[in-house]
2 protein chains.
Amino acid sequence: MLDLAILGLLQESPMHGYEIRKELTAKLGAIRAAISYGSLYPTLRRLQAAGWITEAADTPVTTEEVPALTSRRGRVVYEITAEGKERFAQLIAQAGPETYDDTGFGVHFAFFARTDQATRLRILEGRRRKIEERREGLRDVLGRAAERLDAYTLELQRHGLDACEREVRWLEELIANERSGRAPTVPHTGTAGGRRDNDSPPPPGESRSERP
Amino acid sequence: MLDLAILGLLQESPMHGYEIRKELTAKLGAIRAAISYGSLYPTLRRLQAAGWITEAADTPVTTEEVPALTSRRGRVVYEITAEGKERFAQLIAQAGPETYDDTGFGVHFAFFARTDQATRLRILEGRRRKIEERREGLRDVLGRAAERLDAYTLELQRHGLDACEREVRWLEELIANERSGRAPTVPHTGTAGGRRDNDSPPPPGESRSERP
DNA sequence: GTCACGATGTATCGGACCGATACATCGCAC
DNA sequence: GTGCGATGTATCGGTCCGATACATCGTGAC
C-alpha cells in the first residue's frame with residue numbers, strides 16, 4: 001500500500017521524505033493517520049533498491065561556495081523512474097482482496113485521477129460488495145445474536161451498520177456518476193458543491209498514458 | 001489491544017482459541033475485520049506466560065476410556081486468572097493515546113459494560129476530542145489546500161468529514177446519556193429502539209468489582 | 001546578542017498484527 | 001467410503017507503527 005502511495009505521489013513531482021509524509025497526510029487524511037517514519041524510510045530504500053525511484057540532486061543552492069565540508073548530509077530528494085511509473089500502473093490496475101479494505105480502497109481512490117475509468121468502476125464495485133458483506137454481517141449479529149450481547153456492544157454495531165449503509169449509498173452515487181458522466185460530483189447536504197479548475201482532474205477520456 | 005480484548009472475553013467464560021476468534025469477530029465486527037491466528041495464538045501464549053490466563057481441562061468426556069493414546073492434543077481451553085482480572089481492570093482504566101484511535105476506542109467501548117461510569121465518560125470525551133481534531137484537519141485541507149488536490153481526493157475528504165461530523169454527534173448523545181441517565185439509548189432513525197433484558201447491562205451504579 | 005523552541009529533516013529498533021500456509025479431526029451428505 | 005466444509009492449533013515472513021535519537025534552521029523573547 002505504501003509503495004503505491006509513494007509512487008503515486010512522486011509522479012506529481014520529486015520530493016524528500018519529510019515532504020512525502022506531509023503530502024500523504026494531507027491526501028489521505030480522511031482514511032488514516034499520518035504515516036510513520038518507521039515505515040516510510042525503509043520503504044523508500046526498498047523502492048530505490050528495486051529501481052522504481054532514484055535519488056535526485058538536492059537543488060543545490062551552491063552558486064559556488066561550500067560544496068563540501070561537513071559531509072553535506074541534508075535532504076534526500078527522490079524522483080520516480082520509468083520503471084517506477086510502470087510499477088505504479090501495474091499496482092493500480094491489479095486488484096487483490098486488500099484493494100477493498102478501508103486503507104487499500106482509500107489509497108486507490110486517492111489516485112483515481114491517474115486511474116482509467118474501467119478500473120475505477122471495478123474498484124468502486126468491489127468496495128461496495130465488500131461493504132455490503134460487512135453490513136449483512138452486522139445485521140445478522142443485531143438480529144440473531146442480539147440477546148447475547150450487552151447494550152454498549154449493540155450500540156457499537158448499530159453505529160457501524162449506519163456507517164456501512166451510508167458508505168454504500170455514497171458508492172452507489174459515485175458508480176452512477178462514473179458510468180454515465182464525468183467528475184465525482186456527489187450532492188452534499190452541508191458545504192461546498194462541485195469544484196472545478198483543479199490542475200489534475202482527469203480529462204473525460206483516459207488519463208494514464210504509458211507513452212511520454 | 002488484543003490483550004484487553006481477550007482478557008475481557010475470557011471474563012465471560014473460558015474458551016479455546018477458535019471460539020475466542022469467533023466471539024471477538026462478532027463483538028468487534030463493527031470496527032475491525034476478523035483477528036488473525038497469527039496474532040491470536042502468540043498472544044495467548046504471552047498472556048499465559050504472564051500468568052493472566054491458564055489452560056483449563058478440556059471438559060473431558062472421558063467417563064473412563066481412552067485417557068491417552070494418540071497423545072490427546074485437542075482444543076486448549078483458556079481461563080482467566082485473578083491476576084488476569086486485575087490486569088484487565090488496569091488496561092481498561094489507563095488511557096494512552098492509542099485508547100482513542102479507531103481500533104482502540106472500539107475495543108474499549110465494546111467492554112463498557114465492565115467499565116465504571118467515570119472511565120466511560122473520560123474515554124468518550126477523549127474520543128470526541130480526537131475526532132474533532134481530525135475533523136478540523138479535514139476542514140483545513142478542504143478549505144486551504146483545495147485547489148492543489150484533484151476532484152477525487154476532495155470527494156474522499158468530504159466523505160471523511162461527513163463521517164467525522166456524524167461520529168461527533170453520536171458521541172455527544174452517548175455522553176449526554178452517560179451523564180444523566182443510564183443505558184446507551186441513542187435515538188435511531190432506522191431499526192429497533194432501546195433494548196433491555198440483556199444479561200450484562202451495567203447496574204446503574206458500579207459494575208467492576210475487584211472483590212469476588 | 002543569545003538562546004530556547006518549534007519546524008524541518010533523516011534514521012533505527014522493537015513490537016504488534018496480518019496473510020498465507022500447513023496440518024489434523026469430525027460430522028455428514030452423496 | 002469418501003470427499004468436503006467446519007472446527008481446531010500452530011508458524012513464518014512481511015508490513016507498519018510508536019518511540020527514540022540526533023542535527024539544522026529561523027524567529028522571537030529577554
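Which element gives the most residues to the surface near DNA strand C? Helix 3 of chain B does, with four residues. A residue is taken as near a strand if its C-beta atom, placed from the backbone, lies within 6 Å of it. Helices (H or I, at least four residues) and strands (E, at least two) are DSSP runs, numbered from the N terminus.

The model is predicted: local features need pLDDT of at least 70, side-chain atom pairs count only at pLDDT 80 or more, and totals for chains, interfaces and linings use all residues. Residues are numbered from 1 along each chain as its sequence is written, while chains are lettered from A and ligands numbered from 1 in the order in which they are written.

Around DNA strand C there are 21 residues, of which His16(A), Gly17(A), Gly38(A), Met1(B) and Gly38(B) are the closest. Two or more residues come from each of helix 2 (17–28) and helix 3 of chain A and from helix 3 of chain B. This surface comprises ten nonpolar, eight polar and three charged residues. In this division, Ala, Val, Leu, Ile, Met, Phe, Trp, Tyr, Cys and Pro count as nonpolar, Asp, Glu, Lys and Arg as charged, and the others, Gly among them, as polar.

DNA strand D has 22 residues around it, and Gly38(A), Ser39(A), His16(B), Gly17(B) and Gly38(B) come nearest. Here the elements that give two or more residues are helix 3 (37–49) of chain A and, from chain B, helix 2 (17–28) and helix 3 (37–49). Helix 3 of chain A gives the most to the surface near DNA strand D, with four residues. The surface near DNA strand D holds ten nonpolar, eight polar and four charged residues.

Helix 3 of chain B has 13 residues and spans 18 Å from its first C-alpha to its last, close to the expected 18 Å; the expected span is 1.5 Å times one less than the number of residues. Just after this helix, Gly51(B) adopts a positive phi of about 85°.

Chain A is assigned domain 1 (1–57 + 77–96) and domain 2 (116–186), with bounds from an automatic or database domain assignment. The centres of these two domains, taken over C-alpha atoms, are 29 Å apart.

Confidence in chain A averages a pLDDT of 83, and 77% of the residues score at least 70; pLDDT is the predictor's confidence in each residue, from 0 to 100. Over residues 60–72 of chain A the pLDDT is below 50, and beyond near neighbours in sequence this stretch has one contact in the model. Two residues are in contact if their C-beta atoms, placed from the backbone, lie within 7 Å.
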